[in-house]
Structure formats: C-alpha cells, structure tokens
Amino acid sequence: MDTEPRTVRANGITLAYHVWGPEDAPPVVLLHARGTDGADWAEIAPALAAGPRRVYAPDLRGHGRSDWPGGYAYEAMRDDVLAFLRALGIARADVVGHSLGGAVAYLLAQYSPRLVRRLVLEDVPAPFPLDPPRPPAERPDGDLPYDWAMILATDEQRNAPDPVWWDHMGRITMPTLLIGGGPTSLIPQEQIAAFAEVLPDARRVTIDAGHLVHETRPEDFLAAVGEFLSPADRTPS
C-alpha cells in the first residue's frame, strides 16, 4: 500500500484513495462502511491484489482525507465513485462494498450495470424503512475522522430510503455475492435473504462474524470473495 493516499478530482470534489497491486491487473474497488475510510481494507487488500488484481480503496466523501462537502445523499456518493473510475480510466471493475459502502455499490450497479463486472455486498442492509426510526444521534466529543453532517444525513436516509432503490434491484444483473454476518450482526439477516430473492444472479454465504466480517474473520472473507472473483470463475466480458 502507498504510505500516503493518492488523490483525484471526481464529481467536483477531491477523493483520497489507496491502491495495491500491478497497474495492468484487473481492477477491484473496495468501498468502506460509514465512519471508516479506505485504510479499513489494509489487511484485506494485499491478499486480493495477489490475485493479481489492481485494488483501489477510496475514502467516501465526508470520510478520512476526502473532501467533506456537506452534501451526503447516497446518490452523490454513487456519482463520486462513478467519476472516480472515469478519472482513473477504469471502464469495468469488480466492486466490493461493506454496509454504507455496499449501498453505494448497489446504487452504482443499478445506475451503470456495464461498469460493474461482479458485485460483493458485505452485510449490507436492504433499503427498507426503519421501524421504529433510528433516533437522532448525539455527536461524540472531540475531533472526528468523518463529517458529523454525514452521520445525520445518512441516518435520515437509512430511516426513510428512497423506494426507487429497492424498485431498481432488478437492474443488478451481474453476478452478486451476498455475505451476511450471521446472528450476531446488527443487520437483520432476513434482509440479506431478501436481496438474494430479488437479485437476478445472486449467491449467498453466511460468515458468523457479526457486522465486521472482513475484520473479524478475514481469512473466511477472503476465501469467499477470492473464489467469487477468481479467474477460473470469470465469465467472458
């Protein structure tokens, strides 16, 4: 991994990102969960890069060293990633998303299905309204590695997701791997099952690790994702 993240202008903001692997290897994009940043993948990315693969892990807007522009619609984050790939000249990539990053990933796959070759969603909640709604969050004291406005904005969207997000799941026609964290996860696992029922080409695996699957059980996570993305399992472009 680069000792310092690189940066690129995309969708009118500056995005920071880490990169691993040979420049000419097939690209994989890793999208982190809320409140973390691209460095969250530091233990996972080198193993994926050994594929060989070119692995990119951007900091989403409002996180880490990327800009904190104050607007945090999920669709804006999707457009950031789309512009990020265009800026780097990446026409097609595998995309792995965890939690919030998974929501950004499935919106990207809906909006531009030809861009996403294969999709991995790690313990990603389905866009169903929360009942009861998540109560207003209280800001922790001190400096934060993310924009607090992002927390408030994403909570609002989590409570009342745009119904179009679920209505357009049928547009995700690429092979999709759904990884659930099992009964100790904060995500209701029936929502992972709901994804499996509605996506045209989905396969599902449960790794009993809680919500932080790639952090808690990295070897099992890598085994599932590596097999799914492996050259032997690739279909012609």
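Val-95 is found in strand E5, residues 93-98. Strands here are DSSP E runs of at least two residues, helices are H or I runs of at least four, and both are numbered from the N terminus. This is a predicted model: local features need pLDDT of at least 70, side-chain atom pairs count only at pLDDT 80 or more, and totals for chains, interfaces and linings use all residues. Residues are numbered from 1 along each chain as its sequence is written, and side-chain values use heavy atoms, with hydrogens and water left out.

Is Val-95 buried or exposed? Val-95 counts as buried, because its relative accessibility is 1%. The cut-offs: buried is under 20% relative accessible area, exposed is over 50%, partly exposed is in between, with a 1.4 Å probe and protein chains only.

What does Val-95 touch? Leave aside neighbours within four places in sequence. Then Val-95 is in contact with Val-29, Leu-31, Ala-105, Leu-108, Val-116, Arg-118, Leu-119 and Val-120. Contact means heavy atoms within 4.5 Å. His-32 is 63 residues from Val-95 in sequence, and 11 Å away in space, C-alpha to C-alpha.

Now the sheet. Eight strands form an open sheet, in the order E1-E2-E4-E3-E5-E6-E7-E8, with mixed pairing. Two strands pair if DSSP finds at least two bridges between them. The edges are E1 (6-10) and E8 (202-206), and each pairs on one side only. Neighbouring strands of this sheet are turned by 25° against each other on average, direction ignored. Axes are lines fitted to C-alpha atoms, for helices over the stretch in contact; angles run from 0 to 180 degrees between N-to-C directions.

Take one pairing. E3 (residues 27-31) and E4 (residues 54-58) run parallel, joined by three bridges. Val-29 stands opposite Tyr-56 in E4. Helix H2, residues 74-87, packs on the sheet and touches E1, E2 (13-20), E3 and E4. The direction of H2 makes about 110° with that of E1.

Next, the cores. A nonpolar core is a set of buried Ala, Val, Leu, Ile, Met, Phe, Trp, Tyr and Cys residues joined through side-chain atoms within 4.5 Å. The largest has 49 residues, and Tyr-106 and Leu-119 have the most contacts inside it. Helix H3, residues 100-111, gives the most to this core, with eight residues. A second, separate core of 23 residues includes Trp-41, Val-55, Ala-57 and Phe-228.

Last topic, the rings. Rings of Phe, Tyr and Trp (its six-membered ring) pair if their centres lie within 6.5 Å; planes under 30 degrees apart count as stacked, over 60 as edge-to-face, the rest as tilted. How many aromatic pairs does this rule give? The count comes to eight. Tyr-17 and Phe-84 are edge-to-face, 5.2 Å centre to centre, with 80° between the planes. Tyr-17 is in E2 and Phe-84 in H2, 67 residues apart. Tyr-56 and Phe-84 are also edge-to-face, at 6.3 Å and 80°. Tyr-56 lies in E4 and Phe-84 in H2, so this pair ties together parts 28 residues apart in sequence. Tyr-56 is buried at 10% relative accessible area, and Phe-84 is buried at 0%. One aromatic cluster is formed by Tyr-106, Phe-128, Trp-166 and Phe-195.

Two charges to finish. A charge sits over a ring if NZ of Lys or CZ of Arg is within 6 Å of the ring centre and within 35 degrees of the ring normal. Arg-78 lies over the face of Tyr-111, at 4.3 Å from the ring centre. Arg-118 lies over the face of Phe-228, at 5.1 Å.
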